[in-house]
Amino acid sequence: MKRRDFLKKSAGAGLAAGAALSLGGYDKLWTPKSDFAKYDLVAVMGGTPEAMFDLGIQELGGMGAFVQKGQKVLVKPNIGWDVIPELAANTNPGLVARIVEHCFKAGAKEVYVFDHTCDNWVNCYKNSGIEKAAKSAGAKIVPGNSENYYQQIEIPGGVRLKSAKVHELLLETDVFINVPVLKDHNSTRMTACLKNMMGVVWDRGFWHSNNLNQCIADYALYEKKPALNVIDCYNVMVKNGPQGVSKEDVVQMKSQIITTDWVAGDAAAAKMLGVETEIVEYISIAHRMGLGNMKLESLNIQRLKM
Amino acid sequence: MRSHNLRSFRILFSAIVLICFIAIFIDFKNLIPTKYINIILSLQFIPSLLKFHNIGTLASAGFIAVLILTFLTGRTYCSFLCPLGAGQDLNSRIGGKIRKKFRRYGFKKPHTIIRYTLLGATIIVTIIWGVYLLTLLDPYSIFGRFMTHFGKPVVIVLNNFVAWILHKFDVYTLDHITIKGFQLLTYSIPLIFLFLVGLLSLTKGRLYCNMICPLGTLLGLFSKISIFRIRIDETKCTKCGRCSVGCKSSCIDFLQHKVDISRCVDCYSCINICQDKAISYGPVRLKKKEHKTDTEKRKFIAGSLILMLGLPQILKSQDKTTPVPKKESTVRENKTCPVCPPGGVSIENFNIDCTACSLCIAACPNGVLVPALLQYGVAGMMQPVMDYHKSFCTYNCTKCTEVCPTYALHPLALEAKKLTQIGKVNFVKDNCIVKTEKTACGACSEACPTKAVFMIPYEGNLLIPEVNTEICCGCGHCEYACPTTPYKAIYVDGNPVHVAARPPENIQTEIKTPVDFPF
């Protein structure tokens, strides 16, 4: 009975989505658009991660366009690996701290930072520099190492990923800001916005064994979407990703992509990495599923150099 | 010396020692710096003896200090420095509170045959064969296993409870820790000893130390010629027998005015008990006393026992499994050799020096070390072995090699550890998701810290893992990350002898810093 209901509902949702898509307005359907946002995507180049964010967020109407007074905010960087910041396997700690500061300035009541790390979480939080940076900016650093912190959610319409256990903070906070670092990836070719969501779920093994690219795209269907995606392209790991071996893997690109459309963000990030968007399968799957727009030429992009 | 303070000093000192030892084993946050752990461990007789045998430095010769101490003062080691001894004293005290009878010991004949047979057997087996009996009987190691198997999980349960409460108030100072239990059978040895030592100490004082413990027997031999000892002043003694009744070593024959020095652990209780002031502790001769009992703690004991018995089950239920991928893997992992922790040099070398105190197991921040069942053979039971289905070895960590008190694990500098190959990676293509499901995965290569597992083109846009065993350090992160069940598509087979891994090579990327946006 349950399954039948589910099928009915997903068929209905699919029809509705399809109808909406055929009318062409899919980005309005799926992307939480701010009234202030003049641009779909802002790309900044040439400054420090902090300065580039200051400039970029201003173009999108400031953090106040995304965070209201008294709201709880989740800032989710990539803290997956037990390496130092220079190796760029994790999001730049200065950037994380600056985003936290902006949230508080916009009136956030509380800002949380966590990641479900791949390496030992205590080491990752410490050696990435993110724990210290985020704490000094006033954020709460929260562990993500135990299944106890994760809660079951359903993903209606997911092709392979129909449910997942996500970190409770994702459910308990009002605003979600996704702060991935752009990196090469050994099997999906690139990791940024969409793939960063593997750090909010408990069971990554399921994704890996059930069509990884499809699962990554499926997750993006889940209703709690990032209000903002900030892709750290300051130091970019261009090979041996996502963990890297040494500094030879890293190129200083001094860039940053800020967007409300994470598929567009990933498409632009792929270009930064020099990877064909089509090769990064989850981007095209997500585009086809109407989760965002990978056609950068049709977007209103603000490019800034510092 | 007839001072009542002797006993108080002993109690205070041993309480501090006991607390220190409990602390280093339950330190699940790794708060205690290794150097302090090493200081605390330096006077443990058997670990220090093994370490001295291995490296021969004076700094490792804590056991010589213990021997000198024994020559001077008798078996003070057993009352002051042995964590198992201090634990037993505590238990005896609890026993006395449950039933007053448990604290009335009285003089007993020594179990001469049993104790010397066990001592002889331990020495012979250790010299000819290896540390296997020592592993079983070293009091420090027994204590360590109690802590790792029962103590630490209890503390983590408490931590989780407090973390849960704090969590309700949006405080994340303490984090919830998933308890990953060991295989049920590995609880059997510590459990048997827990009952044996627990029951004997509860009802018979220090009988375990005077009948079974080979170290107690050995130090007893040395203490026979010790300078300071307990003596009874025949002129003052009224043969009331209180000392004998209160002696937890059952070694005072008050009728003969004799103290069996080989069994006396210098607890000094008799000095306080003797009302005639006939008992003294000193270089040549003298006497004194007191007796106390408290309220009963039967419920506490019963509760603790139930908890201990139920613990393995609780632990098991906490071990959550991951969902199964679509198809089950078909090719069995062909592991020929267990993986022994870094610093072990070789399995043979490791096996003969490890007394399975399990401090490394308790200290490992990743929980990859587990007590072995039969991986090393019957003789290596309880020694630590890597379990890559449970966790993996953190690339940037040398904790186990730092804390090992016997030098079974040689201390390794981080750079040396990273290049120590403890096992080699094996890839089973027929189990691999990329082949069986024809979808992308790469979990293994993603996890590999050296890129000994890397991806090569496969069908279409797919990439499939390939391995380079030369640069593999055997950390097992690939095996842990591999999502296939029941058999992994990638696994680490242990190296019987650890070898040097080639350092991972890396060339500078040709991609240059961009000058303009590529979009």
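The legends below describe close-up views of a predicted model.

**View 1. Contact between chain A and chain B.** Chain A brings 49 residues to the contact, and chain B brings 44 residues. On the side of chain B that touches chain A, the largest share is held by helix α21 (residues 443-447) of chain B, with four residues. Sorted by class, this side of chain B has 22 nonpolar residues, 16 polar residues and six charged residues.

**View 2. Domain 1 and domain 2 of chain B.** Domain 1 of chain B covers 5-227, and domain 2 covers 347-500. Taken over C-alpha atoms, the centres of domain 1 and domain 2 of chain B are separated by 31 Å. The contact joins 31 residues of domain 1 of chain B to 25 residues of domain 2 of chain B. On the side of domain 1 that touches domain 2, at least two residues each are supplied by α2 (34-41), α3 (45-55), α8 (132-137) and α9 (139-168) of chain B. Of these, α9(B) gives the most, with seven residues. By class, the domain 1 side of this contact has 15 nonpolar, eleven polar and five charged residues.

**View 3. Packing of α3(B) against α4(B).** The axes of α3(B) and helix α4 (residues 62-73) of chain B are 7 Å apart and form an angle of about 130°.

**View 4. The largest nonpolar core.** This core has 229 residues. A:V75, A:V96, A:I177, A:V236 and A:A269 are the residues with the most contacts inside the core. Helix α10 (residues 262-273) of chain A gives the core its largest share, nine residues. Around A:V236, neighbours within four places in sequence are left aside; the residues in contact with A:V236 are then A:A88, A:L182, A:K183, A:V250, A:V251, A:M253, A:M272 and A:L273. In soluble globular proteins, nonpolar side chains tend to be buried together.

**View 5. Two cis peptide bonds.** In chain A, the peptide bond from A:G241 to A:P242 is cis, and its omega is near 5°. A:P242 sits in the loop between β10 (228-237) and β11 (250-259) of chain A. In chain B, the peptide bond from B:T485 to B:P486 is cis, with omega near -5°. B:P486 belongs to the loop between α22 (477-481) and β10 (490-500) of chain B.

View 6. Most residues other than glycine have a negative phi. A:N211, which is not a glycine, has a positive phi of about 65°. The loop that holds A:N211 runs between α8 (204-209) and α9 (212-219) of chain A. A:N211 counts as buried because 24 C-beta neighbours lie inside 10 Å, and the cut-off for buried is 20 or more. B:V345 is not a glycine either, and its phi is positive, at about 65°. The place of B:V345 is the loop between α15 (298-318) and α16 (347-353) of chain B. With 16 C-beta neighbours inside 10 Å, B:V345 counts as partly exposed.

Terms used:
Residues numbered from 1 in each chain as written. Chains lettered and ligands numbered in written order. Predicted model: local features only at pLDDT ≥ 70, side-chain atom pairs only at ≥ 80, totals over all residues. Contact = placed C-beta atoms within 7 Å. Nonpolar A, V, L, I, M, F, W, Y, C, P; charged D, E, K, R; others polar. Buried ≥ 20, exposed ≤ 12 C-beta atoms within 10 Å, placed from the backbone. Domains from an automatic or database assignment. Core = buried A, V, L, I, M, F, W, Y, C linked by C-beta atoms within 7 Å. Axes fitted to C-alpha atoms, helices over the stretch in contact; angles between N-to-C directions.
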